[in-house]
Amino acid sequence: MQGGTRVKCVLSAGTVAILLAFAEWGCGGGNTSAHSVAATSPPDQPTLVRVSQNQLSHLQVEPVQSGAWKINVETTGTVGWDQDRTTQAITQVSGPITRIMVDTGSRVKAGDPLLYVKSPDVVTAMAAYRKARDQRVLAQKALAREKDLLAHGAAALKDVETAEAAYNEAVTDVQDSTQALRIFAITPQELEKADGQDYSIDAELALRAPIGGTVVQKMVMPGQVIQAGTTTCFVLTDTSRVWVQGNIFARDLPLVRVGDTVDVTESSLGRNFHGRVAYIGAIVDPTTRTTPVRIVTQNRNDLLKKDMYVDAIIHTKTDKNVLNVPLSAVLHDSENEPFVYVEVKPREFARRAVNAGMQQDGRVEIRSGLKRGEPVVSEGSVFLQFASTQ
């Protein structure tokens with residue numbers, strides 16, 4: 001982790017066994033005296049904890065290591081809908097709502113009816129289509145007749161050309177009127193019915209889902225009069241993928257790149273969500289001195305909800321040579337400040353304050369307080385902490 005990381009120490013079964021063994025010896029068990037563990041405090045030296053040879057065998061000591069680590073950048077973020085998969089459902093006609101077919105939370109497929117509107121606009125558009133269709137039929141017959149007359153020498157060429165122009169104009173009118181019906185989301189089945197002379201025009205028009213997804217906002221009521229191209233009736237989004245909006249401090253900006261993998265967690269959910277950095281902002285917030293970053297995250301089972309706070313670990317492609325020790329070597333004092341025990345002499349250990357950083361694979365970065373190769377207690381340090389307080 002980055003600065004401010006808290007390293008938790010969990011007592012393993014081995015550590016508990018060590019404590020029990022020390023407790024037994026400390027109470028007179030075995031051949032070791034009751035004072036085989038002692039804490040000394042020379043005036044000009046840090047407090048030393050001295051252990052017996054038998055007790056030393058139950059401590060694990062290993063040198064501080066140095067190695068190349070991938071740098072992780074931690075941030076917090078807020079879940080939002082994927083704006084590339086979110087859209088508004090806006091009515092194409094004006095009129096009162098007669099039926100609402102979905103509610104907030106409903107899952108729909110593209111083309112599913114969301115509500116129905118009774119509108120004279122539909123009647124007008126359908127009448128225009130029928131008129132244009134009939135005119136095309138008449139123009140086609142007139143053109144065929146003129147061509148036949150021309151073939152028999154009973155008509156002039158200009159008459160055929162005039163008939164062709166009228167037919168082409170009629171075809172254009174049909175295309176225009178059909179396009180208007182498509183804007184109203186008239187289905188091909190409804191258009192096919194409209195070709196029948198005995199088909200009664202229904203003034204009720206469906207507002208259909210522009211995309212598949214979940215209805216996340218409903219903003220209309222039955223009977224409400226809505227305006228074409230103005231009234232937003234629903235908001236739909238594909239919740240299988242969400243955006244996490246985070247912020248990065250200036251010191252971390254050189255490390256983060258678009259495409260870096262990210263682990264997103266929320267403590268109450270108990271699982272990780274995998275995503276990638278999709279966008280890094282071009283401005284710095286004057287208040288927080290951070291730059292926005294957008295993380296596109298898969299949302300299994302729709303567990304991540306809009307406006308939920310999450311933690312994000314960005315796995316950068318940058319390496320850094322760091323000093324590190326086992327996670328079990330780092331303890332915390334009453335002020336939650338990290339420290340370790342260093343073997344300064346055979347069987348003598350001194351408490352040393354350290355600055356702990358990020359964690360990887362059961363080890364923790366040591367930013368200051370230790371040198372490479374120094375021997376630190378990796379197992380049993382909890383006992384030394386206990387002994388030094390007696």
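Modeller: A charge sits over a ring if NZ of Lys or CZ of Arg is within 6 Å of the ring centre and within 35 degrees of the ring normal. Arginine 99 lies over the face of tyrosine 116, at 3.9 Å from the ring centre. This is a predicted model, in which local features need pLDDT of at least 70 and side-chain atom pairs count only at pLDDT 80 or more, while totals for chains, interfaces and linings use all residues. Residues are numbered from 1 along each chain as its sequence is written, and side-chain values use heavy atoms, with hydrogens and water left out.

Next comes strand β6, residues 95–100. Strands (E, at least two residues) and helices (H or I, at least four) are DSSP runs, numbered from the N terminus. Two strands pair if DSSP finds at least two bridges between them. β6 and β11 are joined in the antiparallel sense by two bridges, and glycine 95 has isoleucine 226 of β11 as its bridge partner. The open sheet here has four strands in the order β9-β8-β6-β11, paired antiparallel. Its edges are β9 (204–208) and β11 (225–226), each with a single partner strand, so one side of each has no neighbour in the sheet.

A second open sheet, also of four antiparallel strands, runs β5-β12-β10-β7. β5 (86–90) and β7 (107–108) are its edges; each has a single partner strand, so one side of each is left without a neighbour in the sheet. Inside the order, β10 (residues 213–218) and β12 (residues 232–237) run antiparallel and are joined by four bridges. Threonine 214 faces threonine 237 of β12.

Now the helix α3, residues 120–151. The expected span of a helix is 1.5 Å times one less than its number of residues. Buried means under 20% relative accessible area, exposed over 50%, and partly exposed in between (1.4 Å probe, protein chains only). Among the buried residues of α3 are Val122, Ala125, Met126, Tyr129 and Arg133. An α-helix has 3.6 residues a turn, so residues three or four places apart point the same way. Just after α3, glycine 153 has a positive phi of about 75°.

To return to charges over rings, the charged end of arginine 300 sits over the ring of phenylalanine 273, 5.4 Å from its centre.
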